[in-house]
Amino acid sequence: QGFITKASNPTQARSNSCLIAMPPLTARADSEALRNLGLDETFFQRVLQPGVVNGSGVQHDMAPDYDIYLVEKGVMPLLLQGLDALSRHVDKLGHGGGLSGGGKAPFNPLTWLAQYLLRNHPAKVKDHRTPMYQRLGELANIERGRRCLLRRKSEMEQQWHEMSEDQSPIALEDVPLYLHRLDERWNLGGAFVQQFPADAYRMIRSSDGDLKLPFADFWDWFEGWVRQNDVLRASAFDVAARRKEEAERQLKQAREELEHHERVMHEVLEIRRDLEEEFASLSADLYTNEVITQIINKGAVIQGLEEQEGGPPLQGDHIHLVVAMLRLWGFPAAESLSDDVWDETASSAWVQWLEVHGPVGAQPRVDSVSLRVLMDQDAFQAYLAIAHPAPEFDAGDEVMRTMKVHNILVGEDDDIDVVVEVVDEETGQRKQLVLPEAQVEEVRRRLAASKGVPVLARVDLFSQRVTSILPSLA
């Protein structure tokens with residue numbers, strides 16, 4: 001409807017009304033015309049722009065894949081059908097068999113073609129042509145994957161040279177390992193390497209017949225293999241990229257949570273440390289106080305609010321120390337005129353402390369048994385663990401992982417840290433982590449005698465260290 005505007009004269013109005021009333025083609029004619037067009041794989045190959053990716057893996061002019069886009073969206077096949085239908089319609093008009101454009105009304109082929117494209121758009125119309133569009137879309141997806149692989153030539157060459165020394169050739173039997181490295185580098189989780197036979201290296205021929213293979217010879221074989229086979233879809237790289245982004249996001253979140261946990265933990269430990277220091281200071285003063293010594297060693301007690309004959313006084317430094325200790329235990333006495341007087345607020349705080357932390361069956365008085373508990377460091381630390389608990393933190397699978405130890409890279413001689421290469425078998429990612437010195441000998445021994453049995457390790461991705469070596473599965 002966007003192609004037809006209001007007519008400027010009656011003649012054009014009659015023409016447009018005739019175009020809108022254009023009779024559809026019969027189903028048989030449509031099917032026969034579709035077969036004659038040959039919208040198949042051969043058509044797809046003809047539509048492709050030649051040399052978008054050349055033999056060196058370089059994209060010419062950095063042009064987007066418009067040719068693939070026009071096919072997978074159905075634009076090119078639909079346009080071809082529209083031009084074919086337009087030519088047949090014009091032929092009818094030439095022989096006087098058509099209704100549109102009759103008399104002296106001018107015929108507008110662009111308007112006719114626009115109407116055809118709107119009425120037959122594959123996103124709106126589902127008919128006998130739908131399987132054809134689906135097949136062309138599948139071919140476009142395959143071709144996009146091929147180009148995506150061939151454009152990674154520089155990455156592949158870099159990986160090739162990382163496996164060799166001084167950019168020298170690598171052994172033919174190392175080609176499968178090279179393909180695994182690429183799969184891991186691209187985070188494809190095995191989707192790439194599974195497309196190649198186990199003996200893929202036997203298909204490659206070195207230009208000089210040697211068992212050592214230069215990258216140029218490998219690329220000649222690889223390019224031909226990719227162009228002839230459906231190796232990998234471009235969507236696989238998109239999924240891998242999203243998987244990597246999600247893993248990085250989760251790892252970042254875990255690190256932030258760990259940093260928050262450590263910050264809160266530090267605050268809790270600071271509070272505990274301050275309380276423990278004050279507890280130690282008060283305990284020392286209590287042990288050297290004469291009245292407290294009488295209570296602990298000579299059976300003196302403080303009971304009630306009336307001073308007993310021959311008993312401890314109800315006012316003095318000893319009362320101040322007991323009240324201060326109760327405050328550390330979380331039972332502060334209510335405000336009173338003086339904190340060195342054993343009044344109702346001090347007695348109430350003592351009774352409350354006895355009910356929670358005091359000895360079983362303790363009487364509501366200050367005696368040697370209950371006072372020893374009040375001054376017991378272990379009991380106080382147990383209280384601190386409850387009153388000021390460490391924040392819970394679950395590092396989760398994104399920080400603590402089980403990975404396969406691939407080999408020892410550096411640090412076997414004089415280096416302080418020994419570094420190992422590990423492989424995450426879920427994501428295929430390789431990482432270099434520090435191996436504790438106590439585990440070096442075991443890892444070296446098990447790698448040398450592995451015989452296909454993997455050496456698994458528990459690793460901490462946050463600290464980038466191996467935490468433990470798991471028992472052998474053999």
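Arg365 and Asp367 form a salt bridge in this predicted model. Their closest N and O atoms are 3.3 Å apart. Arg365 is partly exposed, with a relative accessible area of 28%. Asp367 counts as buried, at 13% relative accessibility, because the cut-off for buried is under 20%.

**Salt bridges**

The structure holds 20 salt bridges.

| Pair | Closest N to O distance |
|---|---|
| Arg365 and Asp367 | 3.3 Å |
| Glu441 and Arg444 | 2.7 Å |

Glu441 and Arg444 pair within helix H17. They are three residues apart there, so about one helical turn separates them. Arg444 is partly exposed, with a relative accessible area of 29%.

**Buried residues in helices**

Val440 also lies in helix H17, which spans residues 437-448. Val440 is buried, with a relative accessible area of 8%. Not counting residues up to four places away in sequence, Val440 touches Ile408, Val418 and Leu435. Val420 is 20 residues from Val440 in sequence, and the two C-alpha atoms are 9.4 Å apart.

His318 is found in helix H13 (residues 317-328). His318 is buried, at a relative accessible area of 3%. Leaving aside neighbours within four places in sequence, His318 is in contact with Asn289, Val291, Ile292, Ile302 and Pro313.

**A charged surface patch**

Glu256, Glu257, Glu259 and Glu262 gather on the surface in a patch of negative charge. One of them, Glu259, is found in helix H11 (residues 234-288). Glu259 is partly exposed, with a relative accessible area of 43%.

**The whole protein**

The protein has 17 helices and seven strands. Of its 474 residues, 38% are buried. Among contacts with a separation of 6 or more, 65% are between residues 24 or more positions apart. The protein exposes about 27400 Å², and carbon and sulfur atoms supply 51% of that area.

Note on methods: Residues are numbered from 1 along each chain as its sequence is written. This is a predicted model: local features need pLDDT of at least 70, side-chain atom pairs count only at pLDDT 80 or more; totals for chains, interfaces and linings use all residues. Side-chain values use heavy atoms; hydrogens and water are left out. Helices (H or I, at least four residues) and strands (E, at least two) are DSSP runs, numbered from the N terminus. Buried means under 20% relative accessible area, exposed over 50%, partly exposed in between (1.4 Å probe, protein chains only). Contact means heavy atoms within 4.5 Å. Accessible areas come from the Shrake-Rupley method with a 1.4 Å probe; for residues, only the protein chains shown count as cover. Patches are made of residues with over 30% relative accessible area and no salt bridge: like charges are joined within 9 Å, nonpolar side chains (Val, Leu, Ile, Met, Phe, Trp, Tyr) within 5 Å. A salt bridge is a side-chain nitrogen of Lys or Arg within 4 Å of a carboxyl oxygen of Asp or Glu. Lys and Arg count as positive and Asp and Glu as negative; His and the chain ends are not counted. The place of a charge is taken as NZ of Lys, CZ of Arg, CG of Asp or CD of Glu.
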